[in-house]
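Here's a quick tour of some charges, rings and backbone angles. Have the viewer open and follow along.

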Amino acid sequence: MTIKRLSNTKTAAHRRLSDRVTRGLVSGGGALVLLTLVVMFFYLLYAVLPLFRSPSVTPLDPIPWRQQNGAPATTRHDAEPAIQALGADISLTTAFVIDALGRGHRLARGGATSVTDLMADFASLAAASGGQPLYLLLDRHGNARLARPQTGTAGPGEASPWLFPFGENLLPLSDDGQPLRHAALAQPAEHQAVMAAQLASGRVVVARLGPDGMTRGELAPADGPVDEVLLSPDGRLLYLRAENLLSIYRLNDDGRIQLRQRLALAPAGPVHITLLPADGSLLVSAAGQRLALWFDVADDHGHHLARIREFTAAPPAGAQILASAQRSVFGVLAPDGAFALFSTRQADPLLQSRLAPATRAILSPIADASGAGIDGVPDEAIVTLDAGDWRVWRIDTAFPDISWRTLTQKMWYSHYPAPAWVWQSSSATGTEGGKFSLVPLLAGTLKAAGYAMLFATPLALAAAMYTAWFMAPALRRWVKPAMEIMGAVPSVVIGLIAGLWLAPYYSRALSGILLLPLLLPAAILATGWGFGRLSARLGGRVSPGWHCVPLLPVVALVVWLACRLSPWIDGALFGQPLSGWLGDAYNPMNALVVGTAMGFALVPVMYSLAEDALFNVPARLIQGSLALGATPWQTLLGVTLPFAGAGLFSAFILGLGRAVGETMIVLMASGNMARVDGNLFQGLRALAANIAIEIPEASLNGGHYRILLLTALLLFVFTFLINTLAEALRLRLRAHYRQQDGETG
């Protein structure tokens with residue numbers, strides 16, 4: 001007895017130890033899962049927060065500007081030549097200046113300078129409209145020369161820091177030897193340049209430089225002598241302003257010059273135009289009026305210039321407008337040093353600060369040694385120059401094109417006919433920033449999930465109800481494992497089948513597919529009615545629970561007939577396949593294909609949960625209902641479904657979460673079209689599929705990369721919230737029906 005008691009005590013001790021170890025492992029595993037979720041959340045949040053960081057200005061040390069004789073210029077003298085152009089390299093180690101005497105100054109940190117005579121009898125200059133460091137120099141006799149500064153450090157005895165990429169020979173633009181006015185320059189390609197200027201006669205000369213030499217043409221402005229001449233960065237549009245009137249000419253490759261549009265920029269003149277190189281838009285300023293943004297808008301008649309928006313502040317008199325060459329931002333620098341930074345995509349300033357007054361200022365790209373700025377994103381710098389120093393203020397512009405407004409509201413982009421929600425991660429030209437609206441992705445996600453749930457929910461719940469309540473046990477033992485095995489099919493296989501076979505087949509048999517929601521219920525009801533009559537005539541000799549067996553061939557026959565008769569229906573009604581009759585309104589990779597394929601993937605998951613919930617309803621409730629005279633259908637609807645409601649709701653929510661997060665099926669069968677519509681015959685782009693498509697190509701820590709992580713964070717939060725809500729409701733319903741069950745018992 002003592003040995004047996006010791007054995008029982010030892011067994012109980014081992015059992016308690018095993019229970020504690022198991023409890024610890026389970027609790028530890030749960031804690032690790034929660035910790036992993038928390039770490040994922042905060043990592044995504046950490047990666048996303050820089051998108052909404054406000055820009056900031058950091059002043060760098062001023063660098064003295066020494067004149068040609070080596071004496072420091074610390075005060076302003078009337079004899080000093082005016083500054084005509086200012087620039088800097090991206091490392092901010094050197095800057096360059098062109099003065100009113102036609103000399104090019106190279107300014108280096110530490111005060112070292114060099115001076116080069118660029119043009120004798122210098123009269124005026126123009127900078128390239130695309131932001132390139134290329135300058136058109138004009139003399140007093142109508143001749144031109146193109147000059148470009150070299151970057152890097154030049155030592156004594158080395159070659160001149162200024163280059164003449166199109167030769168040092170003077171280019172005769174004027175045919176009368178008179179000076180030119182209002183010059184403009186564009187460099188559409190490395191070995192091409194387009195120049196324009198007004199002749200003394202009032203006509204405008206346009207010259208093209210290329211490997212084959214120079215070609216020249218003239219035109220008479222529609223509004224007489226002009227006050228301003230501009231060229232688009234691609235060299236295809238010529239803007240001529242006279243007072244408040246603007247004439248736009250198209251420069252064709254064959255040398256022809258065609259008037260495209262004439263319009264008034266303001267009720268009265270004069271006005272001033274600043275071209276923004278990043279997207280080719282125009283900033284129009286008039287005395288006492290707000291800055292206005294204009295750019296090309298496409299319609300049925302082509303492109304025309306349109307007024308898009310006004311900015312909140314009017315620039316003060318004498319303010320310099322500083323255009324960025326790489327992004328759609330610009331700055332306004334007042335004579336007293338007040339500075340405001342704007343994005344072309346919103347009216348309010350991104351940044352307001354106070355700098356030192358300056359004679360000349362520019363917005364210059366800036367990069368660190370690796371070619372990138374803070375967080376791997378190139379920044380901007382304000383380079384200012386006065387008689388004594390050249391100063392630099394580094395601007396951490398963060399992501400000026402990205403805000404909650406651009407992510408969620410309609411934006412009017414250049415060449416678009418109207419404001420729209422657009423997802424376009426890169427521009428065709430590579431200069432304009434991406435268009436990152438989350439609305440098309442959210443709409444595509446909900447569209448795909450909605451159609452998939454519309455397909456899967458009735459099938460899964462109806463199949464679960466029949467299997468748990470009406471099907472014969474012998475048949476159920478085969479059907480349930482088969483459904484669970486169907487759920488193990490990889491989604492990539494389903495997506496491949498949907499993209500390569502289902503989408504083309506739907507295009508050929510679209511009429512029959514659309515008729516199936518009407519034909520199948522009618523065929524099922526007719527078969528059930530006929531099978532019931534036959535069973536009654538046979539005296540109930542058909543075993544209960546086997547009614548679905550004769551139904552399966554009927555369903556298959558109806559589907560086959562609908563698809564086979566679809567070409568005949570199309571020919572009779574439309575004279576061609578319905579997909580062809582719909583034309584552009586039908587895309588083979590559409591929401592119908594996605595809904596069918598993804599619904600097929602959701603049915604096994606939802607079926608298994610729903611069937612388990614229905615099958616596990618306490619038998620005494622069912623038997624009591626039947627004993628009181630209720631029919632099986634009444635018992636199912638009044639007893640079984642309410643008691644299993646928590647499980648059914650969990651099945652629905654789990655299916656919805658799977659549909660929202662599905663990647664491969666949507667990626668391979670949707671066409672990946674970022675659209676905002678509910679059209680069944682058009683494609684879509686979902687959040688998860690978009691991440692899979694674009695994250696490999698996104699620049700690390702760039703705006704595109706961080707927005708993709710923002711979409712991942714939205715998916716994470718949505719899934720977490722919807723599953724938490726589902727679990728809370730499930731527990732509440734379970735407690736409610738458990739209480740009712742206890743009271744009944």
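## Ground rules

Helices (H or I, at least four residues) and strands (E, at least two) are DSSP runs, numbered from the N terminus. The model is predicted, so to speak of local features takes a pLDDT of at least 70, side-chain atom pairs count only at pLDDT 80 or more, and totals for chains, interfaces and linings use all residues. Residues are numbered from 1 along each chain as its sequence is written, and side-chain values use heavy atoms, with hydrogens and water left out.

## A positive patch

Start with R15, which sits in helix α1 (residues 2–48). Together with R16, R20 and R23, R15 makes up a patch of positive charge on the surface.

What goes into such a patch? Its members have over 30% relative accessible area and no salt bridge, with like charges joined within 9 Å and nonpolar side chains (Val, Leu, Ile, Met, Phe, Trp, Tyr) within 5 Å. Lys and Arg count as positive and Asp and Glu as negative, while His and the chain ends are not counted. Each charge is placed at NZ of Lys, CZ of Arg, CG of Asp or CD of Glu. The areas come from the Shrake-Rupley method with a 1.4 Å probe, and for residues only the protein chains shown count as cover.

## Salt bridges

How many salt bridges does a search of the whole structure find? It finds 18, taking a salt bridge as a side-chain nitrogen of Lys or Arg within 4 Å of a carboxyl oxygen of Asp or Glu. One of them joins R103 to D99 at 2.9 Å, N to O. R103 is buried at 14% relative accessible area, and D99 is buried too, at 2%.

E218 and R216 also meet at 2.9 Å, N to O. Here E218 is partly exposed at 27% relative accessibility, and R216 is partly exposed at 36%.

Then look at E611 and K480, bridged at 3.1 Å, N to O. E611 belongs to helix α9 (residues 591–615) and K480 to helix α4, so this bridge ties together parts 131 residues apart in sequence. Both E611 and K480 are buried. Shared partners extend things into one network of R476, K480, E484, E611 and D612.

R477 is also in helix α4 (residues 473–486). R477 is exposed, at 60% relative accessible area.

## Aromatic rings

F311 and F342 have ring centres 5.6 Å apart and planes at 70 degrees, so they're edge-to-face. This pair links distant parts of the chain, 31 residues apart: F311 is in the loop between β23 (302–310) and β24 (320–323), and F342 is in strand β26 (residues 338–343). Both F311 and F342 are buried.

Elsewhere, Y466, W469, F470 and W633 form one aromatic cluster.

## Positive phi

Most residues other than glycine have a negative phi. D121 isn't a glycine, yet its phi is positive at about 55 degrees. D121 lies in the loop between β6 (113–117) and β7 (122–127) and is partly exposed at 42% relative accessible area.

E243 has a positive phi near 55 degrees as well. E243 is in the loop between β17 (237–242) and β18 (245–251), and counts as partly exposed at 42% relative accessibility.

Conventions
Phe/Tyr/Trp six-rings, centres within 6.5 Å; stacked < 30°, edge-to-face > 60°. Buried < 20%, exposed > 50% of the residue type's maximum accessible area, 1.4 Å probe, protein only.
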